[in-house]
Amino acid sequence: MSSASPGSSPAVPQAGSPDASSPAASPAAGKTVRTLAVATLVANIAIVVTGGAVRLTASGLGCPEWPLCTPDSLTTTPEMGVHGIIEFGNRLLTFVLAAIAFAMVFSVWSARAERRDLFRLSIVLLAGIPAQALLGGITVWTGLNPWIVGGHFILSMFLIVLAAVLVNRAWLTPAQLAGTNGPLATRTLRPLLGALGVLSALAVVLGVVVTGSGPHAGDHGAARNGLDPDLMTRIHVVPVYMLVFALAVALYLVFRHAADGRLRRSLLLLTAVVLAQAVIGYAQHFLHLPIVLVGLHMLGASLLTAAAAHVVFTGFSRQVPGKDAGAASGTAAPVRPGAAASGTDVRR
């Protein structure tokens with residue numbers, strides 16, 4: 001997620017807009033807040049990848065109990081072997097994620113009245129950790145029921161969306177926080193951007209269903225969802241094809257009509273992720289699902305989710321203005337009283 005896309009000023013300052021060297025052109029949130037926002041996104045993606053490693057190595061029941069690892073031990077025991085180490089290691093990463101989430105909340109606590117957006121997002125992301133832990137416990141209790149495992153993954157995708165929005169909002173400038181402009185995307189482009197978000201989500205959800213019908217159950221004795229893998233794969237690729245088509249049209253429009261560079265870059269990023277994900281998806285299918293490629297596909301799903309959220313935020317947020325209406329007439333855009341100050345208080 002590039003910090004330049006959502007939070008940077010236009011390459012050529014317009015009349016009435018802050019100079020690129022002025023404080024108003026810098027992110028309103030301090031470096032610590034921005035760093036923790038990025039760390040939140042990275043950690044939420046990382047725990048998906050490590051969770052995938054648990055499933056792909058058949059270590060899903062490496063710790064057969066929850067919240068304890070065994071009926072008598074909180075941690076793994078030597079008798080449980082490598083599968084216990086892998087599963088328990090993934091559980092330990094939850095504490096790393098929690099530490100980052102608590103640090104994020106603490107970093108915006110003093111400015112929670114002015115930056116309610118960052119504070120609320122950080123609280124929801126923090127609350128998502130025990131929710132994920134509980135759902136992970138239910139997957140253990142149900143012997144890795146594929147529908148529960150799928151719900152566990154989808155909740156992770158939802159938290160990645162929130163983390164992507166958190167990063168975008170952490171990089172907004174005071175001028176952008178005070179802005180009252182319309183969305184950056186044109187009326188023609190907005191439905192396409194919305195479709196990109198919906199199709200990305202649909203592709204991920206159907207990918208979860210495909211996974212639940214495939215061979216990597218997380219444990220050799222775990223059940224599958226009973227659906228035909230080949231049929232579900234063919235259904236899964238339908239929204240992927242539609243996503244590629246919608247991306248092609250969106251790219252044509254933004255380059256044909258010289259749209260704002262931030263919107264072009266966000267779409268190019270999403271395009272790169274979609275193409276890479278498609279190549280990995282086809283390769284894993286025709287190579288009969290080798291675990292390395294399946295793991296990369298899970299990483300790709302996380303990156304696709306974050307990139308799609310970035311595109312939608314960039315195109316729809318009223319605080320990522322393109323050509324300021326007031327600037328076009330030689331006057332500054334109206335600023336709500338105290339709005340510019342609201343962003344400068346988060347300076348840790």
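How many helices and how many strands are there in the protein? The protein has twelve helices and zero strands. Helices here are DSSP runs of H or I with at least four residues, strands are runs of E with at least two, and both are numbered from the N terminus. Along the sequence, the pattern therefore reads α-α-α-α-α-α-α-α-α-α-α-α.

The model is predicted: local features need pLDDT of at least 70, side-chain atom pairs count only at pLDDT 80 or more, and totals for chains, interfaces and linings use all residues. Residues are numbered from 1 along each chain as its sequence is written, and side-chain values use heavy atoms, with hydrogens and water left out.

Of the 348 residues in the protein, 49% are buried. Buried means under 20% relative accessible area, exposed means over 50%, and partly exposed lies in between (1.4 Å probe, protein chains only). A contact is defined as heavy atoms within 4.5 Å. Among contacts between residues at least 6 apart in sequence, 78% join residues at least 24 apart.

The largest nonpolar core has 69 residues. Such a core is a set of buried Ala, Val, Leu, Ile, Met, Phe, Trp, Tyr and Cys residues joined through side-chain atoms within 4.5 Å. The residues with the most contacts inside this core are Phe153, Leu189, Leu193, Leu196, Leu263, Leu267 and Leu270. Two or more core residues are given by each of α2 (31–56), α3 (81–109), α4 (116–141), α5 (146–170), α7 (189–213), α8 (229–256), α9 and α10. The largest share, eleven residues, comes from α5. Leu189 touches Ala250, Leu253, Val254 and Leu263, when residues up to four places away in sequence are not counted.

Two pairs of helices show how the elements pack. Two packed helices are described by the angle between their axes and the distance between the axes. Axes are lines fitted to C-alpha atoms, for helices over the stretch in contact, and angles run from 0 to 180 degrees between N-to-C directions.

By definition, angles under 35 degrees count as roughly parallel, over 145 as roughly antiparallel, 65 to 115 as roughly perpendicular and the rest as oblique. α5 passes α7 in a right-handed crossing. A crossing is right-handed if the near helix is turned clockwise from the far one by less than a right angle, and left-handed if anticlockwise. On the α5 side, the contact is made by Pro146, Trp147, Gly150, Phe153, Ile154 and Met157, and on the α7 side by Val204, Val205, Val208, Val209 and Gly212. By class, this contact has nine nonpolar, two polar and no charged residues. Ala, Val, Leu, Ile, Met, Phe, Trp, Tyr, Cys and Pro count as nonpolar, Asp, Glu, Lys and Arg as charged, and the others, Gly among them, as polar.

In the other pair, α9 (residues 261–286) and α10 (residues 291–316) pack at an angle of about 160 degrees, with their axes 9 Å apart. These helices are therefore also roughly antiparallel to each other. α9 passes α10 in a left-handed crossing. Their contact has 17 nonpolar, nine polar and one charged residues.

Which backbone values stand out in the loops? Most residues other than glycine have a negative phi, and most peptide bonds are trans. Leu289, in the loop between α9 and α10, has a positive phi near 60 degrees. At 27% relative accessibility, Leu289 is partly exposed. A cis peptide bond joins Trp66 and Pro67, with omega about 5 degrees. Pro67 is in the loop between α2 and α3.

Leu144, in the loop between α4 and α5, has a positive phi of about 65 degrees although it is not a glycine. Leu144 is buried, with a relative accessible area of 6%. Ala222 sits in the loop between α7 and α8. The C-alpha atoms of Ala222 and Leu144 are separated by 5.9 Å, although the two are 78 residues apart along the chain. Ala222 is buried at 14% relative accessibility. Leaving aside neighbours within four places in sequence, Ala222 is in contact with Gly143, Leu144 and Ala217.
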